[in-house]
Number of protein chains: 2
Amino acid sequence: MVTITDIAEALGITPSTVSRALAGNPRVREETRRAVLEAAERMGYERNIMASNLRRGRSDIVGIVVPRINREFFSNLISGAESILGDAGYRAIICQTHEELDSEIQVLHTLSLHRVAGVLFSHCIDATDSSHVLPALGNIPLVQFDRVFSDLPGAKVVGANFEGAYEATTHLILSGYRRIGTLAGYLNIGVYSDRLRGYRKALEDNGIPYDESLVFPDSIFRESGYTACHLALDAGCDALYSAGDFSALGALDALKERGISVPDDFGIVGTANEFFTALTSPSISSVGQRPYDMGREAALAFLERREGVTVIPMELHIRQSSNRNNIWLK
Amino acid sequence: MVTITDIAEALGITPSTVSRALAGNPRVREETRRAVLEAAERMGYERNIMASNLRRGRSDIVGIVVPRINREFFSNLISGAESILGDAGYRAIICQTHEELDSEIQVLHTLSLHRVAGVLFSHCIDATDSSHVLPALGNIPLVQFDRVFSDLPGAKVVGANFEGAYEATTHLILSGYRRIGTLAGYLNIGVYSDRLRGYRKALEDNGIPYDESLVFPDSIFRESGYTACHLALDAGCDALYSAGDFSALGALDALKERGISVPDDFGIVGTANEFFTALTSPSISSVGQRPYDMGREAALAFLERREGVTVIPMELHIRQSSNRNNIWLK
DNA sequence: AGGAGCGGTGCAAACGTTTGTATGATATTT
DNA sequence: AAATATCATACAAACGTTTGCACCGCTCCT
């Protein structure tokens, strides 16, 4: 392996000058700089990242922490973040917490030990408050996305959850559904409480009283969506706004089981715009979160050491599950 | 930050002894070792990974290189690998190539610069031969999985593609389909050529002549599957074994467009057992690859510095798209 | 009794980079 | 002309760990 010392010897100068030349430090003569770059190229020099990291006290790696990577939302978000980080000379190290708090703490701590340059982070469902984050992470720059703790420092990038849920619920109302429940997520998490607020506001703005008995919290998985949908049906619902797509899928399972026709007799809108929502029968309407853009924004927020909250608009994708009487499509 | 020097001073010994004690080196007295561990714990010592990496010339990070992370197969494989690597004290850095050769070379090179402890690797479609790998990667331990170059050193972990395709095709034959084509993948890639061989063998073992005009290569995406299925229909096919699930989905699109009833008049089996295959109407039969196990095996192969090929069995999941006359399910 | 073997520890040199400070040579000011 | 500023480079000390080698004291052998 060729080092800066080798280059220095070859040129009759010292490693420090080589280092500065390579770093683009203005305190080295242009002529010297060119000679160094030429020699480095010719000799096949490649900076020893580990030595550089040790000396500078931090690495060129950014940690991306997500609950799971096999979600359309998170995997696309990661791709978006990678595209920005890569251009800026950073590498991403992707970590899954599998929705487990212990794993989340562990992961943050490991990233901290690796002195990563920053962490892009979406916390797991099990994390009810942020008290574990800073102790595990130390003073490493933090950017939160999607599921954020508002009391933590650093930038936050979130979808327009309130507006998205508002739009989805309004859409159900305009489609003529009258008793609209919601498969709410975990209400201690901001994204889900925002969606619930949006749902509620949409009802109230349309003169429909908000009925807490039609709110089914903690249902974002297929199983819990299935169970909650049965309860919703028993409560007389004829539509559901679901804060997740997997729970919307579970609801569809329940409706099929009961032989209820969707969208004729029951409407559903999910959230996240997972790939599969377009494939089910009926296909599932869903409020999409533009994850790729969120990933890019999160990466930019890190690079620019941004503070404050960036909100990414959401988009309603109307499909069969809410397309009553075919009034929305074709 | 507390260092081994701090611990050494606190105990009146030298950093070298502390280092050896922490590493579990047998050349340090048991009593000393306990004292060091106790002091380390008490003082909140945490090894500086960057210094350790620099000195040892390698890191505790393992690179996992896949074409895309938003595939059920790859994301589950990653989870499997992570579970093993984590227990062994390694961290995974996940890299996507997005099926682009340039990106693949870049990624391997970056991992090499980071002196990762090893690389678990599945190459992209664009890579027609292995000539770029070793130059970019240097002498870092390599484990290939799924899409492997047989001429590269190191362990390989692959699904039983031949057997899987054989089973799927046999299943179609037993279902009474008579003119069975195949949506083959990129035949310069081992997994796909193996699947084609399995398909062919199954036909021949059942007295059906292999007809090259029913082989539609390069179709593993939804679009290419759609196009190829139209061609297959024109060629008189009444069934397709597809080497991918997305192409099977595309085939379903084409069949719906033509109003052909599946599975009554046409049978399909895909490959990979993507989540969505169970959700379409009709649901898509698929040969699954047990990605989680493959990930575990790949990680173990790295840890044990294994050589040679490990084959993971595949499983046929029979769903509606090939369940003619309801003979297989219910 | 003298030397060999061994268990436990210390010494010091790495690993390759970065960076504060010193140095020497010009250029600029008074 | 002397003092001062400016520029480009050199010097050397880090960063914290690991590890070959040296060393010391002890036991065991012949």
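Q: Is strand β9 of chain B enclosed or open to the outside, and how many of its residues are buried?
A: Start with the cut-offs: buried means under 20% relative accessible area, exposed over 50%, and partly exposed in between, using a 1.4 Å probe and protein chains only. In this predicted model, five of the five residues of β9(B) are buried, so the strand is largely enclosed by the rest of the structure. B:Gly267, B:Val269 and B:Thr271 point one way from β9(B), while B:Ile268 and B:Gly270 point the other way. Strands here are DSSP E runs of at least two residues, helices are H or I runs of at least four, and both are numbered from the N terminus.

Q: What should I keep in mind about numbering and confidence?
A: Residues count from 1 along each chain as its sequence is written, and chains are lettered from A and ligands numbered from 1 in the order in which they are written. As the model is predicted, local features need pLDDT of at least 70 and side-chain atom pairs count only at pLDDT 80 or more, while totals for chains, interfaces and linings use all residues; side-chain values use heavy atoms, with hydrogens and water left out.

Q: Which strands make up the sheet, and in what order?
A: Two strands pair if DSSP finds at least two bridges between them. In chain B, six strands form an open sheet in the order β7-β6-β8-β9-β10-β12, with mixed pairing. The edges are β7 (215-216) and β12 (315-317) of chain B, each pairing on one side only.

Q: Where do the parallel and antiparallel pairings fall?
A: β8(B) and β9(B) are parallel over three bridges, with B:Ala239 opposite B:Gly267. β6(B) also runs parallel to β8(B), through four bridges; there B:Leu183 has B:Ser242 as its bridge partner. Two bridges link β6(B) and β7(B) in the parallel sense. By contrast, β10 (residues 285-288) and β12 of chain B run antiparallel, joined by three bridges, and B:Ser286 stands opposite B:His317.

Q: Which helix packs on this sheet, and at what angle to β9(B)?
A: For contact, look for heavy atoms within 4.5 Å. For angles, axes are lines fitted to C-alpha atoms, for helices over the stretch in contact, and the values run from 0 to 180 degrees between N-to-C directions. Helix α11 (residues 245-258) of chain B touches β6 (180-183), β8 (239-242), β9 (267-271) and β10 of that chain, and its direction makes about 155° with that of β9(B).

Q: Which residues touch the most others in the largest nonpolar core?
A: In soluble globular proteins, nonpolar side chains tend to be buried together. A nonpolar core is a set of buried Ala, Val, Leu, Ile, Met, Phe, Trp, Tyr and Cys residues joined through side-chain atoms within 4.5 Å. Of the 82 residues in the largest one, A:Tyr199 and B:Tyr199 touch the most other members. Apart from it lies another core of 52 residues, including A:Ala81 and B:Phe74.
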